[in-house]
Amino acid sequence: MPPLPLADGQRKVLRTLSRSSLAAHREVVAARALLLAAEGAANTAIGAQVGVSPTTVASWRERFAEEGLSGLGRVRPGRGRKPTITDEKVAEIVRATLSDTPPGETHWSCRSMAKAQGVSAASVQRIWSELGLKPHQVTTFKLSNDPKFEEKLTDVVGLYLNPPEKAVVLCVDEKSQIQALDRTQPSLPLKKGRAGTMTHDYKRNGTTTLFAALDVATGEVIGQCLPRHRHDEFLKFLRTIDRQVPKRLAIHMILDNYGTHTHPNVNAWLQK
């Protein structure tokens with residue numbers, strides 16, 4: 001059999017592909033076989049060297065002569081493993097996932113859907129993964145009934161994206177009912193051959209409330225822990241912010257409409 005004719009560019013591509021550790025194995029083997037065919041080796045010898053049948057080598061040579069590099073490694077239509085699940089069955093699984101729930105359960109699992117549809121759980125998982133369906137996950141949402149919601153949203157986003165000059169934009173919130181826990185004995189530090197230690201039991205020291213203000217431009221946080229979560233404590237935190245922010249900067253605070261934030265005493269202090 002005459003050598004397989006190769007252009008210089010084709011030979012260069014095949015040599016690169018034959019040494020690749022990232023390309024598909026089928027493509028690497030085919031590239032090696034075609035390079036040997038270009039040297040004039042017989043199909044039987046090529047097949048023995050690369051680990052395929054002489055018929056496969058002959059098929060690769062014929063296809064390369066017809067299609068060149070474009071057909072390398074691509075499975076022809078009608079070849080390869082046939083799907084075992086029909087399109088109608090896939091559509092039914094998708095419909096049931098989106099519209100139905102199994103009896104006595106809140107959502108489908110791979111096993112319950114497989115049992116209901118007469119397929120394997122692996123097939124259900126593959127279909128869900130390909131279509132991005134995750135019936136076990138639920139996200140929550142809330143619609144605002146504030147008639148000025150859009151106006152406020154525009155103001156908030158505008159402050160974040162385009163803060164005023166000579167001003168600081170702070171995102172303010174608090175976390176209440178934080179348990180102040182401590183260990184019953186001093187911990188031992190980490191050292192060679194031994195991990196750091198601490199006692200299994202602990203003692204309670206009541207609760208605390210963390211007030212925090214995040215500077216969205218710099219990432220710096222102004223924080224303060226106070227014993228309770230009332231407007232009095234919030235006023236103390238506002239005074240802390242006022243002391244720590246340079247006087248030359250105007251302060252814009254973004255926070256929710258929790259009752260302590262809108263208390264008359266708070267509004268009166270802000271008006272000063």
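## The main pocket

The largest pocket in this predicted model has a volume of about 770 Å³. A pocket here is an open set of points on a 1 Å grid over the protein atoms alone, where a 1.4 Å probe fits, with protein on both sides within 12 Å along at least five of seven lines. Its volume is the space filled by probe spheres set on the points, which are joined across faces, edges and corners.

Lining residues, meaning those with an atom within 4 Å of a point, number 20, and Lys-152, Val-156, Leu-255, Asp-256 and Asn-257 sit nearest the centre. Two or more residues each come from helix 8 (149-161), strand 4 (250-254) and helix 10 (264-270). Helix 8 gives the most, with 6 residues. Helices (H or I, at least four residues) and strands (E, at least two) are DSSP runs, numbered from the N terminus. By type, the lining splits into 10 nonpolar, 6 polar and 4 charged residues.

## How the chain is divided

The domain assignment, automatic or from a database, gives domain 1 (8-71), domain 2 (87-131) and domain 3 (148-181 + 201-271). Between the C-alpha centres of domain 1 and domain 3 there are 68 Å.

## Helix 6 and its cover

Which residues of helix 6 (residues 110-117) are buried? They are Cys-110, Ser-112, Met-113, Ala-114 and Gln-117; buried means under 20% relative accessible area, exposed over 50%, and partly exposed in between (1.4 Å probe, protein chains only). Helix 5 (87-99) and helix 7 (121-131) are among the elements covering them. Just past helix 6, Gly-118 has a positive phi of about 75 degrees.

## Salt bridges

The count is 6 salt bridges, each a side-chain nitrogen of Lys or Arg within 4 Å of a carboxyl oxygen of Asp or Glu. One of them joins Arg-63 and Glu-67 (3.4 Å, N to O). Both lie in helix 4 (residues 54-67), 4 residues apart, about one turn of the helix. Arg-63 counts as buried because its relative accessibility is 9%, whereas Glu-67, at 30%, is partly exposed.

Over in helix 5, Glu-92 and Arg-95 are 3 residues apart and pair up with their closest N and O atoms 2.9 Å apart. Arg-95 also bridges to Asp-100, at 3.0 Å, so Glu-92, Arg-95 and Asp-100 are linked in a network. Glu-92 (29%) is partly exposed, as are Arg-95 (37%) and Asp-100 (31%).

## Reading the numbers

Residues are numbered from 1 along each chain as its sequence is written. Local features need pLDDT of at least 70, side-chain atom pairs count only at pLDDT 80 or more, totals for chains, interfaces and linings use all residues, and side-chain values use heavy atoms, with hydrogens and water left out.

Note on methods
Nonpolar A, V, L, I, M, F, W, Y, C, P; charged D, E, K, R; others polar. Contact = heavy atoms within 4.5 Å.
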